Amino acid sequence: MIQAPRGTFDILPEDAARRARLEGEAAAILGAAGYRRIETPTFEATELFARGVGEATDIVRKEMYSFDDGAGRSMTLRPEGTAPVCRAYIEHGMHKLPQPVKLWYLSSFFRAEAPQRGRYRQFWQIGAEAIGSAAPETDAELIVLLAEVLQAAGVGDVELHLSSLGTPEARVEYREELKRYLRAHEDRLSPEVRDRIDANPLRAFDAKDRATREVMQSAPTLLERLEGEDAEHFARVRALLDAAGLRYELDPSLVRGLDYYTRTLYSFESPRLGAQSEVGGGGRYDRLIEQLEGPPTPASGWAAGVERMLLATELAAAPPEPVDVFVAVADAAGTGAAFALAQDARRAGLSAQLELAGRSLKGQLRHADRIGARYVAIVGEDSHASLRDMSSGEQREVPRDAVIAAIKEAHP
RNA sequence: GUGGGCGUAGCUCAGCUGGUAGAGCUCCGGGUUGUGGUCCCGGCGGUCGGGGGUUCGAAUCCCCUCGCUCACCCCA
């Protein structure tokens, strides 16, 4: 049997209905804040991610689905949304629009990871990006919007972790300090952390290894080294969140695996999830546009995992569409008339379903009951139809061409 | 890539120490010679994940393999 590829899944009708609801909630919240929808291609030039996400990241090093497009160019199924949106911003000259340009998307992404609860190889994210503003208000607003989307999705009991990375220049000095500290305690670090001391020392804060964690407890943090405008920016973001009544925890160990982040950094964690507890997160990325050969442009944004939100919520599916009339056939002679009646009913604005499985009349009535049909019109060979009210059980003979009017009269 | 758990009908599962595959739900038909929701009867549906081995005999024991899943790692 051919199965869906490992780490992928089918979205069956019931699940699709839950997703449609989630999409509606997000569209309303983001739309009200002036964010407009954008969709970018499912695949992009590999170079976009190599440069945008960072050559040193796990995503680029081992998680991309890349392929040759047949003309010698390397393409990659998008592993994240920020770099493509920035590419579109640059390509369409959006720096000439009023800034910031506020965009949101709901798209699927692809990463070749080992699947587990809340982590898939094709997954969906809702994301929002505000490009062209360095203001701390932009970060705070984005965080508040993400909190609202999560709230509307039914993911209420989340914890917000907040940090700041400063600017890359400010980080250089700190990185050296951290490297010196790690080397001094090298013997107690896990092998993975030790191997990354030079490549990515900040990731040591992420380690789950016990001895490493103990070492990191007394490690110098970037948060305490923030100075000047970086410190002011962060203080302002915090003040705005405080004023908005949003609770958060300062988390100096918060480190994201994407290279493009600067300053503000955050994640929302849900205790209802397993090991993959992050439902959404993001931050500021003031250098990315420039790195992709656009004009120097500050920006900020986040992404939230659709599957993770759905795992952490009780959000019910939208109720199924009501069926005004089910057109049943009493004998084969009536099938043509039944077909026409169902179509006429739909043109008249009713929802109508037709018997399509060759069921017995008893079976047709049972089916009509299951799908919640309000009326059943039983069409036979003569020019009349039996119109049955399924809730009362009352049934009367009606001229076939008066069936629709009779239903509309009862349910205007 | 590494480790734990699990793979029996479309779904949820039973099948004890090996004896020749079962239930409930779903679906279809009938009871009502043209009529739903309850009830009754019947039917459709299974290479017991796959391969090999032990045995007179394997869903059951052994080995290998594949898949799913949770975790490490990483992240949404």
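This is a predicted model: local features need pLDDT of at least 70, side-chain atom pairs count only at pLDDT 80 or more; totals for chains, interfaces and linings use all residues.
1. Overall form. Chain A contains 15 helices and 16 strands. Its C-alpha atoms occupy a box of roughly 95 × 50 × 45 Å along the principal axes. The radius of gyration of chain A is 28 Å, whereas a compact globule of 412 residues would have a value near 22 Å. Of the 412 residues, 48% count as buried. Among contacts in chain A with a separation of 6 or more, 68% come from residues 24 or more positions apart.

2. Domains. The domain assignment divides chain A into domain 1, comprising 13–166 + 226–311, and domain 2, comprising 323–410. The C-alpha centres of domain 1 and domain 2 are 50 Å apart. This separation may be read beside the radius of gyration of 28 Å for chain A.

3. Nonpolar cores. The largest nonpolar core comprises 46 residues, and Ile-131, Leu-178 and Met-216 have the most contacts inside it. Helix α4 (residues 82–91) supplies the largest share of this core, with 5 residues. Apart from it lies another core, of 40 residues, which includes Ile-126, Val-149, Leu-150 and Phe-234. In soluble globular proteins, nonpolar side chains tend to be buried together.

4. Surroundings of Leu-178. Which residues does Leu-178 touch, not counting those up to four places away in sequence? They are Pro-201, Leu-202, Phe-205, Met-216, Ala-219 and Pro-220. One of these, Met-216, is also named with Leu-178 among the residues with the most contacts inside the largest core.

5. Helix α8. The buried residues of helix α8 (residues 210–217) are Thr-212, Val-215 and Met-216. Viewed down the axis of α8, these buried residues fall within an arc of 95°, so they line one face of the helix. The face turned away from the buried side of α8 carries the exposed residues Arg-210 and Gln-217. The cover over the buried residues of α8 includes α6 (168–184) and α7 (191–195).

6. The mixed sheet. An open sheet is formed by 8 strands in the order β1-β5-β6-β11-β10-β9-β7-β8, with mixed pairing. Strands β1 (36–37) and β8 stand at the edges with a single partner strand each, so one side of each has no neighbour in the sheet. Further inside the order, strand β7 (residues 159–164) and strand β9 (residues 262–269) run antiparallel and are joined by 6 bridges. Leu-160 has Phe-268 as its bridge partner in β9.

7. Glu-249 belongs to strand β8 (residues 249–250). Is Glu-249 buried or partly exposed? Its relative accessibility is 42%, and therefore Glu-249 counts as partly exposed. Leaving aside neighbours within four places in sequence, Glu-249 is in contact with Leu-160, His-161 and Leu-162. Glu-249 and Leu-162 are 87 residues apart in sequence, but their C-alpha atoms are 6.0 Å apart in space.

8. Strand β14 and its partners. Of the 7 residues of β14, 6 are buried, and the strand is mostly covered. Strand β12 (residues 323–329) runs parallel to β14 and is joined to it by 6 bridges. Within this pairing, Ala-328 has Ile-378 as its bridge partner in β14. Strand β15 (residues 384–389) pairs with β14 in the antiparallel sense over 5 bridges. Here Tyr-375 stands opposite Asp-389 in β15. The hairpin that joins β14 to β15 passes through 4 residues.

9. Val-379. This residue is found in strand β14 (residues 373–379). Why does Val-379 count as buried? Val-379 counts as buried because its relative accessibility is 0%, which is under the 20% cut-off. Not counting residues up to four places away in sequence, Val-379 touches Val-327, Ala-328, Val-329, Ala-330, Asp-331, Gly-334, Ala-337, Ala-338, Leu-341, Ala-385 and Arg-400. Val-379 and Gly-358 are 21 residues apart in sequence, and the distance between their C-alpha atoms is 14 Å.

Terms used
Residues are numbered from 1 along each chain as its sequence is written. Chains are lettered from A and ligands numbered from 1 in the order in which they are written. Side-chain values use heavy atoms; hydrogens and water are left out. Domain bounds come from an automatic or database domain assignment. A nonpolar core is a set of buried Ala, Val, Leu, Ile, Met, Phe, Trp, Tyr and Cys residues joined through side-chain atoms within 4.5 Å. Buried means under 20% relative accessible area, exposed over 50%, partly exposed in between (1.4 Å probe, protein chains only). Helices (H or I, at least four residues) and strands (E, at least two) are DSSP runs, numbered from the N terminus. Contact means heavy atoms within 4.5 Å. Two strands pair if DSSP finds at least two bridges between them. The arc is that of the directions from the helix axis to the C-beta atoms. The radius of gyration is taken over C-alpha atoms; the globule rule is 2.2 Å times the number of residues to the power 0.38.
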